[in-house]
Amino acid sequence: PFGAKGLGEPAMTPSIAAVANAVSIALGARVTELPITAERVLAKLRAIVDDPRTDRVIMTLIIVNAVTLGLQTSKTVMSAYGPFLELFDDIIVGIFVVEVAARILVHRTAFFRDPWSVFDFSVVAIAFLPAAEGFAVLRTLRVLRTLRLISAVPRMRLVVEALLSAIPGISSIFALLMLVFY
């Protein structure tokens with residue numbers, strides 16, 4: 001009576017539905033099967049990380065971030081829109097951190113065996129360098145975030161890999177020229 005539950009009548013708490021909703025909001029993909037296991041959540045996360053639309057969104061954010069960083073170099077723009085640009089930059093960095101963290105969760109140790117992934121990780125990690133006087137020069141390395149386009153666009157990646165593989169041949173030619181001109 002009066003809303004009291006007996007020993008055999010446990011309270012009905014909607015905890016499973018709340019967890020399912022939290023997972024679906026976090027992943028952007030609805031979890032439709034129970035039980036919600038780590039493997040199923042990881043599979044949904046893998047589907048999102050490996051989706052070409054995710055790559056396009058990240059590439060767009062890289063370009064927008066490059067424009068934002070360029071605008072931050074103008075004193076007139078910073079005096080008018082400084083706090084907004086800094087907030088916008090922080091939001092984009094947060095998205096980059098979530099993206100890299102999701103890729104680490106999905107690919108685990110394979111993430112660190114891929115040189116392009118390590119490059120992406122390093123470029124995103126630069127954002128967390130302190131902004132103190134001694135590190136102010138290192139903070140300018142934020143511009144390297146635009147270089148993430150190299151790892152995101154396969155044709156750019158091919159060109160960079162070709163240039164890097166040509167370095168030993170170029171150094172041999174340089175050494176030969178040094179002997180000739182010596």
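At what angle do helix H2 and helix H4 pack, and how far apart are their axes? In this predicted model, H2 (residues 38-49) and H4 (residues 75-107) pack at an angle of about 125°, and their axes lie 9 Å apart. That angle makes H2 oblique to H4. The crossing of H2 past H4 is left-handed.

**The chain as a whole**

The chain has nine helices and zero strands. Read along the sequence, its pattern is α-α-α-α-α-α-α-α-α. Of its 182 residues, 23% are buried. Take the contacts between residues at least 6 apart in sequence: 50% of them join residues at least 24 apart.

Start with H2 and H4. H2 brings Leu42, Leu45, Arg46 and Val49 to the contact. H4 brings Ala102, Arg103, Leu105, Val106 and His107. By class, this contact has six nonpolar, one polar and two charged residues.

Now turn to H4 and H6. Their crossing is left-handed. On the H4 side, the residues are Phe96, Val97, Val100, Arg103 and Ile104. They meet Ser117, Asp120, Phe121 and Val124 of H6. This contact divides into six nonpolar, one polar and two charged residues.

**The buried side of H6**

Which residues of helix H6 are buried? In H6 (residues 115-125) they are Trp116, Ser117, Asp120, Val123 and Val124. These residues sit on the same side of H6, because they cover an arc of only 125° around the axis. A general point about helices fits here. An α-helix has 3.6 residues a turn, so residues three or four places apart point the same way. The buried residues of H6 pack against H4, H5 (109-113), H8 (148-152) and H9 (154-181).

**Arg103**

Arg103 belongs to helix H4. It is listed in the contact with H2 and in the contact with H6. Is Arg103 buried or exposed? Its relative accessibility is 13%, so Arg103 counts as buried, the cut-off being under 20%.

What does Arg103 touch, leaving out residues up to four places away in sequence? The list is Val49, Arg108, Phe111, Ser117, Asp120 and Arg148. Among these, Val49 is one of the H2 residues in the contact with H4. Ser117 and Asp120 are among the buried residues of H6.

How values were computed
Residues numbered from 1 in each chain as written. Predicted model: local features only at pLDDT ≥ 70, side-chain atom pairs only at ≥ 80, totals over all residues. Heavy atoms only, no water. Axes fitted to C-alpha atoms, helices over the stretch in contact; angles between N-to-C directions. Helix = DSSP H or I, 4+ residues; strand = E, 2+ residues; numbered from the N terminus. Parallel < 35°, antiparallel > 145°, perpendicular 65-115°, else oblique. Left-handed = near helix turned anticlockwise from the far one by under 90°. Contact = heavy atoms within 4.5 Å. Nonpolar A, V, L, I, M, F, W, Y, C, P; charged D, E, K, R; others polar. Buried < 20%, exposed > 50% of the residue type's maximum accessible area, 1.4 Å probe, protein only. Arc of directions from axis to C-beta.
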